[in-house]
Amino acid sequence: MNPVHADFFAGGAGAERTLRDNLDAYHRLRIVPRVLRATGDRDLRTTLFGTRLATPVLVAPTAFHLLAHPGGEAATAEGAAAAGTIMVVSMAATQPVERIAEAGGPLWFQLYPQPDREFTAAVVKRAEAAGCRALVVTVDSPVFGRRERDLRHGFTDLPAGLACENMRDGTGRVRDIAMDATLGWDRIGWLREITGLPILLKGILHPADARLAVEHGVDGVIVSNHGGRQLDGALATIDALPAVAEAVGGRIPVLVDGGIRRGTDVLIALARGAAAVLVGRPVLDALAQNGADGVRDQLRTLTADLDHAMALAGAKRPADLSPDLVRVAG
Ligand code: FNR
């Protein structure tokens, strides 16, 4: 891969403290297994908003898949479908959502609400018409994160011939994705009015925001710091999860992403209250290496690794995993 693009995928904001801490935080945690639980008939199937999945591991929304592989987002969708899970299509996808939907599914659609409400509504309708089953509204990006690797490389635009295809307006012109610092809870209410799809907020770290999300009728929250690409110094997601799960109190599903690389990471996240997890960079790496098959194998491997860890920890089902199975090391 072009090293500039590799840095775009791998990098984070600022000094990349949060990027690193998302991973390091898992290393500070230990599993306290249960024994003699007869876990021979394990079952990892998970249902989210009526969609049955083979695994609680989903594909996080990430931009620009055509920079990783000529199959682009369609290849990722095909791989995710083969693994029996959901791909969240990024608003910054380099292929149209309709084309991605032909290659795979189930899909959810990630939205950065744009200052232009009419255009935002048109994008939501397009995602609905393509068959996307939920809307993932990214709320950690009122302004764009300062990604120093990209700044050093001067990487600001896609190469000629590539575009954010879901940003085409009625005239066929591709709009830039605007970060909107005027975004507030009123806009979530507005989205609720214009779509019947379940709405998840992605980028929740503070338990007070999780409570507000429930009060505003949101259907799910994703504990995320955007893979360390927005606010550097933000809390690692696995450290933020317990308080968010407690604030939500089981009223809506809580998902988490950031730094999940192994089955034991998934196990810890589920034990700390996540209904499911999402992975970003591992999917991009797998896509770059081997297209749709790479994505499928990556997701299957992570799922098999989770299954193995669950057997060793004494859990048959994700629901058997509880917070007492996880302790801070030391
Ligand atoms: C992202 N992420 C992201 N999130 C989002 O809401 N919309 C987007 O377009 C993107 N684009 C994007 C590009 C790249 C290259 C990366 C690495 C990440 C964030 C993503 O959804 C997720 O929160 C993190 O990637 C999770 O962390 P890990 O699994 O990469 O450690």
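The legends below accompany close-up views of a predicted model.

**View 1. The annotated domain in the predicted chain.** The UniProt record, an unreviewed entry, places the feature "domain: FMN hydroxy acid dehydrogenase" at residues 1-330.

**View 2. The residues around the ligand.** The ligand is surrounded by 23 residues, of which the closest are Ala60, Ser90, Gly227, Gly280 and Arg281. Sorted by class, this shell holds eight nonpolar, 11 polar and four charged residues.

**View 3. Strand S9 and its parallel neighbours.** Strand S9, residues 220-223, is covered on both faces, with Gly220 and Ile222 buried on one side and Val221 and Val223 buried on the other. In a regular strand, side chains alternate between the two faces of the sheet. Strand S8, residues 199-204, runs parallel to S9 and is joined to S9 by four bridges, with Leu201 having Val221 as its bridge partner. S9 also pairs in the parallel sense with strand S10, residues 254-257, over three bridges, and here the bridge partner of Ile222 is Leu255.

**View 4. Two crossovers that share strand S9.** S8, helix H8 (residues 207-215) and S9 form a right-handed β-α-β unit. From S9 the chain then passes through helix H9, residues 237-248, to S10, and this β-α-β crossover is right-handed.

**View 5. The covered helix H10.** Helix H10 spans residues 263-271, and nine of its nine residues are buried; among them are Asp265, Leu267 and Leu270. After H10 comes Gly273, whose phi is positive, near 115°.

View 6. Gly105 and Pro106 are joined by a cis peptide bond with an omega of about 5°. Pro106 is found in the loop between helix H4 (97-103) and strand S6 (107-111).

View 7. Ala38, in the loop between strand S1 (29-31) and strand S2 (46-48), has a positive phi of about 45° although it is not a glycine. Ala38 counts as exposed because 7 other C-beta atoms lie within 10 Å, where the cut-off for exposed is 12 or fewer. Phe64, in the loop between strand S4 (57-59) and helix H3 (72-82), is likewise not a glycine and has a positive phi of about 60°. Phe64 has 20 C-beta neighbours inside 10 Å and therefore counts as buried, the cut-off for buried being 20 or more.

Note on methods
Residues are numbered from 1 along each chain as its sequence is written. This is a predicted model: local features need pLDDT of at least 70, side-chain atom pairs count only at pLDDT 80 or more; totals for chains, interfaces and linings use all residues. UniProt positions are given in the numbering used here, feature names are shortened, and annotations may be inferred rather than shown by experiment. A residue is near a molecule or strand if its C-beta atom, placed from the backbone, lies within 6 Å of it. Ala, Val, Leu, Ile, Met, Phe, Trp, Tyr, Cys and Pro count as nonpolar, Asp, Glu, Lys and Arg as charged, and the others, Gly among them, as polar. Two strands pair if DSSP finds at least two bridges between them. A crossover is right-handed if, with the strands pointing away from the viewer, the path from the first strand over the helix to the second runs clockwise.
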